[in-house]
Amino acid sequence: MIVWECIEAKRYLSSLARDELPESVEAELDLHVSSCVDCSNELELIRNLFALRVLAPSELPYKIKRKLREEIFEVETLSWKKFLPAAAMAAFLVSASLIDRVLFLPEVSLLEQDFFVEVWPSDDYDLAGSLVLDNFSEESLNLLFEEIR
Amino acid sequence: MKPQKQTSDEVLVRMACSGQLDAMDILIDRYYSVCFGTCMAILQDQDHASDACQNCFVKIFRSISRFRGDGTFRSWALTIARNESLALLRQRKTRREITYDKADLQLQDKENVSEKIFSKMEVSRVRKAFETLPKKQRLAVKLRIDGGLSFREIGQIIESSEGAARVSYHHGVRKLRELLEQ
């Protein structure tokens, strides 16, 4: 059995107040404290302070767990939500270009239309670059001559 | 594998890293009380300490993959609790005192202790004496008695060595005794 000295005993008084010591050590320490006024007073003070401590609220672990689940859910939601602005912008651009094509078609004269750009594939300087006028209806030809004039 | 209550911290941390909520729950049940004690020692306010403790665990699990395992999970959690409490303290700037009513409620919960000594006056005296202790001594005493922290853990929190934390604690208790005996 160990005979406790004050200096050693005081190191364990807070553990004694918290009931954290093995039974055999507790018994030895109790023996010292009961015969030592100084250690006895210090143990009383520590027990008083221990009694004054504010315990964690019983609902705290549930609050922590709930908050943690909310955070995890938020992170998971955010992982796909962060792409939303980009997706919205892409959708907007695609729809805007479609609207532009459908609603704002420019009025193009016959001279500006693509089929007029086709030219004779000829090395003859007189013919090269002439407009292809095949397959034109008589009405289209008249309109063309009107424009040229 | 499903985590059990007796599963070691090391295994629980690995499980928590892979996103197992059951493992996180067991770590919370194991350490919320000591983290709350640390927050309470710094913030001196139950509501603030609860907030800090919740934030602390959110931070722990957000960064758990970065826990290298050099020290224990408990020490790491306590350091985060300390930092969170100090951040909250800086944010709010004011420290509120625990009301005597709260202290009285605590005493009513502990029948055998309330039988012993404390009257309202004595609670007030102890609190006043406690407030006169230097900050490190006050924290060391609180963390040791309220939170049951080892001197090594207290040293980490008050940014001192283990030996200095032990000395701060003993000086604090001695000074408190002297003040109360006057």
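## Salt bridges within and between chains

At 31% relative accessibility, A:R69 counts as partly exposed; that class sits between buried (under 20% relative accessible area) and exposed (over 50%), using a 1.4 Å probe and protein chains only. This is a predicted model, where local features need pLDDT of at least 70, side-chain atom pairs count only at pLDDT 80 or more, and totals for chains, interfaces and linings use all residues. Residues are numbered from 1 along each chain as its sequence is written, chains are lettered from A and ligands numbered from 1 in the order in which they are written, and side-chain values use heavy atoms, leaving out hydrogens and water.

So who does A:R69 pair up with? Its partner is B:D25, in a salt bridge (a side-chain nitrogen of Lys or Arg within 4 Å of a carboxyl oxygen of Asp or Glu). That pair crosses between chains, from helix 4 (residues 60-81) of chain A to helix 2 (residues 21-43) of chain B. Helices here are DSSP runs (H or I, at least four residues), numbered from the N terminus. B:D25 is buried, at 13%.

Here are some of the bridges:

| Pair | N to O distance |
|---|---|
| A:R69 and B:D25 | 2.7 Å |
| B:R177 and A:D38 | 2.8 Å |
| A:E8 and A:R11 | 3.8 Å |

B:R177 lies in helix 10 of chain B and A:D38 in helix 3 of chain A, so this pair joins two chains too. B:R177 is buried at 12%, while A:D38 is partly exposed at 32%.

A:E8 and A:R11 share helix 1 of chain A, three residues apart. Over all chains, the search finds 16 salt bridges.
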